[in-house]
Amino acid sequence: MPKTKNDSATGEEALARLIEGNERFLRGTARFGVHHETLADLAHGQKPFATILGCSDSRVPPELIFDAGFGDLFVIRVAGNVVSPEVMGSLQYAEIQLQTPLFIVLGHERCGAVTAALDAVHRGATSHARIEQLLDYMIPGLAHVDPSLPPSDELQQGVEANVRWSMQQILLAPEAQAQQAKGRMKLVGAVYEIETGRVRFLD
C-alpha cells in the first residue's frame, strides 16, 4: 500500500489540522474537493488522520466544517453521538486497524437527542421505544445537569455533559487505555456552534 500524507501525523498535529480547517470554513475559503488521482490513491486503502464520533444532525457534517478531504477523516455518526456497542466496535476498528492518532467526540448546540434525554430525566417525558433505547445510552451522563437553569443554559450544559460522557465511555475500553499509555491516541471533546460554524474544543 502506498504511503499517504496522513501516515506520520501525531494527535497534536491532527488536531491542529482540524482547527485550521474549521478556520478556513469560517472564513469562507474552504478548499474541499477531490481529484481523480486522489481517488486512485484511496483505492489502495485508507489512512485517516482523525476519527470523529458525531451526531447524525444534518447541520453538522464533519468533513465540511473541518474542510477535510477524501480519506482524511474516519467518521461515525449517530444521534446524540452515543457510544453503543456498535459504535464502540467502529471506534476500536479505528484504534487497532487504522491507528488514527486523534479521536474527537463532536457534539453540537441545539441537539435534539440531548433535549429529549433532558426532557426524560427532568420532566418525565416519554418517546417511542427505539428512541428511548437511544436515550438510555445518554441519560447516565446527564445526572449532574441542573434542571433549574434556563432552558438554553440547561441544554448547553447537557450537550457538554453528553460529550464528556461519551469520552468517558471510550476511555473505559482497554484498547483505548493501552493506546493512550503508549502516547498513540489523543481524545478531545468539542461542540459545534450551529449559528457561527465554529468548533469549540472543551478543556
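Q: Quick one to start: is N81 buried or exposed?
A: N81 counts as buried, at 1% relative accessibility. Bear in mind that this is a predicted model.

Q: Where does N81 sit in the chain?
A: N81 is in the loop between β2 and α4, the helix spanning 85-98. Its phi is positive, about 40 degrees, although N81 is not a glycine. For context, most residues other than glycine have a negative phi.

Q: And what about the phi of D67?
A: D67 is a residue other than glycine with a positive phi, near 50 degrees. It lies in the loop between α3 (62-65) and β2 (73-77). D67 is buried, with a relative accessible area of 5%.

Q: Changing topic, how many disulfides do we have?
A: The count comes to zero.

Q: On to the strands. What covers β3?
A: Both faces of β3 are covered. On one side L102, I104, L106 and H108 are buried, and on the other F103, V105 and G107 are buried. Seven of the seven residues of β3 are buried, so the strand is largely enclosed by the rest of the structure.

Q: Which strands pair with β3?
A: Strand β1 (residues 50-54) pairs with β3 in the parallel sense, over five bridges. β3 and β4 also pair in the parallel sense, over seven bridges.

Q: How many residues are in the largest nonpolar core?
A: That core has 35 residues, and the ones with the most contacts inside it are L53, L91, V114, M138, I170 and L187. Elements giving two or more residues to it include β3 (102-108), α5 (112-123), α6 (129-138) and β4 (186-192).

Q: Which element gives the most to it?
A: That would be α7, with six residues.

Q: Is there a second core, or what else is in there?
A: There is a second, separate core of 20 residues, with A14, L18, L73 and A190 among them.

Q: Back to M138: what does it touch?
A: Leaving out residues up to four places away in sequence, M138 touches G80, V82, A113, V114, A117, N162 and W165.

Q: How many aromatic pairs turn up?
A: The count is one aromatic pair. The ring centres of F74 and Y93 are 5.9 Å apart and the planes are at 40 degrees, so the pair is tilted. The pair links distant parts of the chain, with F74 in strand β2 and Y93 in helix α4, 19 residues apart.

Q: Last one: what lies over the face of F49?
A: R17 does, at 3.9 Å from the ring centre.

Technical notes:
Residues are numbered from 1 along each chain as its sequence is written. This is a predicted model: local features need pLDDT of at least 70, side-chain atom pairs count only at pLDDT 80 or more; totals for chains, interfaces and linings use all residues. Side-chain values use heavy atoms; hydrogens and water are left out. A disulfide is a pair of cysteine sulfur atoms within 2.5 Å. Helices (H or I, at least four residues) and strands (E, at least two) are DSSP runs, numbered from the N terminus. Buried means under 20% relative accessible area, exposed over 50%, partly exposed in between (1.4 Å probe, protein chains only). Rings of Phe, Tyr and Trp (its six-membered ring) pair if their centres lie within 6.5 Å; planes under 30 degrees apart count as stacked, over 60 as edge-to-face and the rest as tilted. A charge sits over a ring if NZ of Lys or CZ of Arg is within 6 Å of the ring centre and within 35 degrees of the ring normal. A nonpolar core is a set of buried Ala, Val, Leu, Ile, Met, Phe, Trp, Tyr and Cys residues joined through side-chain atoms within 4.5 Å. Contact means heavy atoms within 4.5 Å. Two strands pair if DSSP finds at least two bridges between them.
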